[in-house]
Amino acid sequence: MRGTEIKPNILRYMDENQRFDGRKLDQLRPIEIEYDVIKTAEGSARVKMGGTEVIAGIKLEIGSPFPDTPDNGALMVGVELLPLASPEFEKGPPSIDSIEMSRVVDRGIRESEAIDTKKLCITKGEKVWMVMVDICPINDDGNMLDVSGLAAIAALKVTKFPEFDGESIDYKKPRKKQLPISKVPIPITVYKVADKLFVDPVAEEQKEYDGRLTVTSTEKGMLCAMQKGGDEPLSADDVDDMVKIAVKKADEIRKKL
Amino acid sequence: MTKEAKSKLLIKDKEIAAPGEVLATGMDFLPSYGTYRLNNEIMANKLGVASVVGKVIKIIPVAGRYPPKRGDVVIGKVIDVTMNGWIIDINCAYDAMMNVKDATSDFIKRGENLTRFFKIGDHIVAQITNVTSQKLVDLTVKGHGLRKIFGGRLIEVNTHKVPRIIGKQGSMVTMIKQTTGCNIIVGQNGWIWLSGTPEGENLAVEAIKKIERESHLSGLTDKIKSYLEKNKVEVSQASKPVGVEKKTQSSKAASVSKPEPKEAVKSDKK
């Protein structure tokens with residue numbers, strides 16, 4: 001949609017609890033999740049939320065642990081905003097947005113302790129499993145962060161260890177053992193424009209927000225990560241409301257995994 | 001050629017034609033939009049649905065940019081202000097130009113600031129006065145219903161589906177206007193401007209998108225009518241419990257309720 005003026009239009013619609021695509025303020029777009037879309041990856045998922053589509057792939061490798069955590073495996077999350085997804089993404093070194101996105105997704109999974117990193121240790125101080133999450137947008141129609149986070153955890157849930165004989169990994173053999181995932185952290189970004197709070201923006205709405213707060217929560221409303229963005233400050237009451245919305249919406253999405 | 005071969009039509013109405021396809025032979029048929037005559041044959045130069053009306057053969061393209069035509073009413077966006085006019089984006093491969101004399105009858109001094117009339121980012125409803133062979137497009141806002149537009153919402157549709165959205169003598173767009181209570185302006189270039197309540201606008205947008213998707217099917221007007229009626233009920237039911245809100249916005253509610261009595265009359269007749 002090209003609005004004659006987009007921001008006043010957003011406000012005019014939100015005053016009547018409406019959005020450009022006929023949704024309510026706190027309504028998510030329909031979600032579709034497909035598992036194991038990439039055969040060569042240890043786990044993968046394609047998530048569609050309205051027009052936004054993201055593929056996440058997981059690779060497992062053997063590496064040496066960090067010196068300060070000799071018996072813990074490692075997690076690495078990368079988001080690459082490819083120009084194919086949106087005319088606003090450029091090729092070249094990672095943009096600020098893609099760095100923020102990968103860090104917020106990483107923080108959600110890491111701080112929720114969804115992956116039991118102790119179980120990824122093979123020999124203490126020498127060999128551990130490294131979990132690499134690569135997130136790749138196919139189409140951007142707003143709310144990339146939440147969809148990326150959802151794709152990452154969906155892919156992790158179906159990840160299986162490749163065959164390892166003590167020296168090398170045979171990626172070709174059928175995989176059996178499941179990656180230990182104990183929790184399902186789901187990031188929900190609540191946006192604020194004027195005094196209205198809403199979730200799951202489409203591309204136009206995403207350009208015009210005042211402030212946003214990403215809240216990652218696990219089952220039973222446990223909060224594990226937050227990220228504030230946007231130019232306007234948020235009051236304590238705003239944060240309270242946003243957390244409530246985020247936890248409610250995360251529960252809604254978790255049922256679909 | 002001593003004797004002309006007998007004319008033969010090789011394509012049926014509403015069949016799909018590809019560029020280079022021979023649509024008819026002989027001189028009894030006339031090539032229209034999207035077709036051309038080569039020697040004794042009429043050929044397609046666009047991918048689309050053929051339309052045979054009497055002797056005239058034309059192609060309604062599946063997709064494509066807006067081809068500017070003289071006399072079309074379009075919606076445009078001001079993208080530049082020059083010394084003697086404005087440059088307008090009309091969703092076309094070529095930018096249009098509007099001279100000062102086509103914008104106002106006022107006397108304008110040399111070097112006056114033209115943003116007084118239209119500034120960058122303004123939207124206008126304008127008519128194409130001329131398209132040269134070099135595709136220089138001239139616009140005017142002098143005429144019935146031509147003006148600057150404020151507020152509202154602008155959507156983009158396939159320019160080749162615009163005739164279906166308007167309908168015969170504007171029947172389709174009039175129906176959408178009445179059931180949704182929106183003011184709608186359809187530009188031939190595929191930009192449509194709507195202004196009403198958010199609910200009405202959303203319903204109108206959905207209806208227009210539906211027309212765009214199903215434009216090749218027959219019985220479209222009836223389908224859209226039943227779609228609008230079905231959703232109209234839901235809208236009014238949904239807004240009923242929030243009656244308190246409506247009372248506070250009495251001015252708004254008055255303008256919205258206008259089309260509703262008409263609906264009531266219609267359903268009584270049934």
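Modeller: Two strands are taken as paired if DSSP finds at least two bridges between them. Helices (H or I, at least four residues) and strands (E, at least two) are DSSP runs, numbered from the N terminus. The model is predicted, and local features need pLDDT of at least 70, side-chain atom pairs count only at pLDDT 80 or more, and totals for chains, interfaces and linings use all residues. Residues are numbered from 1 along each chain as its sequence is written, while chains are lettered from A and ligands numbered from 1 in the order in which they are written.

The part to begin with is an open sheet of 3 strands in chain B, with the order S15-S17-S16 and antiparallel pairing. S15 and strand S16 (183–186) of chain B are at its edges, each with a single partner strand, so one side of each has no neighbour in the sheet. Neighbouring strands here are turned by 20° against each other on average, direction ignored; axes are lines fitted to C-alpha atoms, for helices over the stretch in contact, and angles run from 0 to 180 degrees between N-to-C directions. S15(B) is joined by 4 bridges to strand S17 (residues 191–195) of chain B, and the two run antiparallel. Within that pairing, Arg153(B) has Leu194(B) in S17(B) as its bridge partner.

H3(B) lies across S15, S16 and S17 of chain B, at about 155° to S17(B). Contact between two residues requires their C-beta atoms, placed from the backbone, to lie within 7 Å.

Another helix of chain B, H2 (residues 171–180), has Met172(B), Val173(B), Ile176(B), Thr179(B) and Thr180(B) buried. A residue is buried if 20 or more other C-beta atoms lie within 10 Å of its own, exposed if 12 or fewer, and partly exposed in between, with C-beta atoms placed from the backbone. Viewed down the axis of H2(B), the buried residues fall within an arc of 135°, so they line one face of the helix. The arc is that of the directions from the helix axis to the C-beta atoms. Gly181(B) follows H2(B) and has a positive phi, near 70°.

From here the description crosses to chain A. Helix H1 (residues 6–15) of chain A has Asn9(A), Ile10(A), Tyr13(A) and Met14(A) as its buried residues. Down the axis of H1(A) they fall within an arc of 130°, so they line one face of the helix. The cover over the buried residues of H1(A) is drawn from both chains: it includes S9, S10 and helix H4 (203–207) of chain A, and strand S15 (153–156) and helix H3 (198–213) of chain B. After H1(A) comes Asn17(A), with a positive phi near 55°. Overall, 10 residues of chain A are in contact with 13 residues of chain B. The chain A side of this contact divides into 2 nonpolar, 5 polar and 3 charged residues. In this count Ala, Val, Leu, Ile, Met, Phe, Trp, Tyr, Cys and Pro are nonpolar, Asp, Glu, Lys and Arg charged, and the others, Gly among them, polar.

Strand S9 (residues 186–193) of chain A is joined to S10(A) by 4 bridges, and the two run antiparallel. Val190(A) stands opposite Val199(A) in S10(A), and Val193(A) has Lys196(A) in S10(A) as its bridge partner. The hairpin of S9(A) and S10(A) has 2 residues between the strands, and in it Ala194(A) takes a positive phi near 55°.
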